[in-house]
Amino acid sequence: MARYEFATHRLHVPADLAPDATVPLEPGALNYLLNVLRMEEGARLLVFNGRDGEWEATLRKPTRKTAVLVLQRQTRQQERTGRIRYAFAPLKSARLDYLVQKAVEMGVARLTPVLTQRTQLHRLKDERLQANIVEAAEQCGVLALPVLEPEIRLERFLAALPPEEILVFCDEDAEIADPVLALRQRQPMAGITVLVGPEGGFTEEERARALAHPGLLRLSLGPRILRADTAAVAVLALVQSVYGDWTGRNVNEM
Ligand code: SAH
């Protein structure tokens with residue numbers, strides 16, 4: 001049997017999950033299942049809440065317009081969150097949606113919007129970011145939902161970042177050098193924070209602050225300037241491959 005079952009629709013619910021539990025459906029989910037997916041009585045789903053793993057559920061429709069989910073068995077254990085925090089300068093709407101969804105798929109544990117001098121978006125809609133987190137998790141079978149942290153100005157963020165954390169600073173001005181080698185030369189003893197700038201890149205003052213952090217790991221992502229949302233996927237692939245759960249090792253034992 002394949003590790004993941006993609007044929008069955010996955011749904012995130014806030015309720016606690018346990019054998020034979022009946023999970024009520026919020027209006028949005030109810031509308032989606034009954035009117036968009038046109039699910040009928042007895043339809044099978046997989047549900048998760050980010051705490052209790054993934055459960056097989058059956059749709060029950062006591063009336064034409066209401067429905068609940070009755071849980072059967074747990075299909076996957078709850079995953080532990082990793083230790084990668086993705087700190088990003090918010091981008092404009094569609095690219096921000098994309099960036100957040102890719103970071104979830106790439107397994108980040110925390111998402112931190114960092115306001116830099118050239119950040120073009122200054123009013124973040126948390127509910128939109130949260131909806132993107134849930135949508136990516138539903139589509140890709142992610143069970144450990146990353147925590148969305150409050151937005152913070154870059155200088156305050158860097159000042160508060162513990163010295164024992166590795167700061168993977170994606171610097172478009174860095175000398176081109178082997179990123180895998182650069183990552184391999186450090187052994188993360190605590191959390192790993194990845195920092196990617198805005199559409200306009202970092203200012204010299206911001207670069208100097210990042211370069212002064214004790215846990216600095218300055219990373220070049222090659223000879224071309226990547227769009228910030230492209231840089232997100234590129235750097236998270238490198239970090240997961242060297243430090244994270246793409247290695248096949250248990251990252252929490254490393
Ligand atoms: N103007 C483009 C690219 C801006 S650079 C855009 O519209 O997005 C955005 C951020 O991506 C940079 O601040 C840096 O964090 C990262 N980045 C892009 N290319 C990079 C490279 N070659 N090396 C390291 N980081 C890079």
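Visitor: What makes E10 and strand E12 a parallel pair?

Guide: In this predicted model, four bridges join E10 to strand E12 (residues 216–219), and the two run parallel. At least two bridges are needed for strands to count as paired, so the four found here are enough. Leucine 167 stands opposite leucine 216 in E12.

Visitor: Why is E10 called largely enclosed?

Guide: Strand E10 covers residues 166–170, and five of the five are buried, so the rest of the structure largely encloses it. Buried here means under 20% relative accessible area. Side chains in a regular strand alternate between the two faces of the sheet. In E10 both faces are covered: Ile166, Val168 and Cys170 are buried on one side, Leu167 and Phe169 on the other.

Visitor: Why is valine 196 called buried?

Guide: Valine 196, in strand E11, has a relative accessibility of 5%. The cut-off is under 20%, so valine 196 counts as buried. From valine 196 to proline 90 the distance is 9.7 Å, C-alpha to C-alpha, although 106 residues separate them in sequence.

Visitor: Is glutamate 149 buried or exposed, and how do you know?

Guide: Glutamate 149 has a relative accessible area of 17%. That value is under 20%, so glutamate 149 is buried. Glutamate 149 sits in the loop between strand E8 (147–148) and strand E9 (152–153).

Visitor: What makes the approach of glutamate 149 to threonine 112 a polar contact?

Guide: The side chains of glutamate 149 and threonine 112 are joined at 2.5 Å. The limit for such a pair of N or O atoms is within 3.5 Å, so the distance qualifies.

Visitor: Which residues are closest to the ligand?

Guide: The ligand is surrounded by 20 residues, and the closest are Cys170, Glu199, Leu221, Arg224 and Leu226. By class, this shell has 10 nonpolar, four polar and six charged residues.

Visitor: What makes the phi of aspartate 20 worth a remark?

Guide: Most residues other than glycine have a negative phi. Aspartate 20 is not a glycine, yet its phi is positive, about 65 degrees. Aspartate 20 lies in the loop between strand E1 (10–12) and strand E2 (22–24).

Visitor: Why are aspartate 20 and arginine 38 called exposed?

Guide: The cut-off for exposed is over 50%. Aspartate 20 has 63%, so it is exposed. Arginine 38 has 60%, so it also counts as exposed. Arginine 38 has a positive phi of about 50 degrees and lies in the loop between helix H1 (27–36) and strand E3 (44–48).

How values were computed: Residues are numbered from 1 along each chain as its sequence is written. This is a predicted model: local features need pLDDT of at least 70, side-chain atom pairs count only at pLDDT 80 or more; totals for chains, interfaces and linings use all residues. Side-chain values use heavy atoms; hydrogens and water are left out. Buried means under 20% relative accessible area, exposed over 50%, partly exposed in between (1.4 Å probe, protein chains only). A residue is near a molecule or strand if one of its heavy atoms lies within 4 Å of it. Ala, Val, Leu, Ile, Met, Phe, Trp, Tyr, Cys and Pro count as nonpolar, Asp, Glu, Lys and Arg as charged, and the others, Gly among them, as polar. A polar contact is a pair of N or O atoms within 3.5 Å; within protein, one must be able to donate a hydrogen and the other to accept it, and residues adjacent in sequence count only if both atoms are side-chain atoms.
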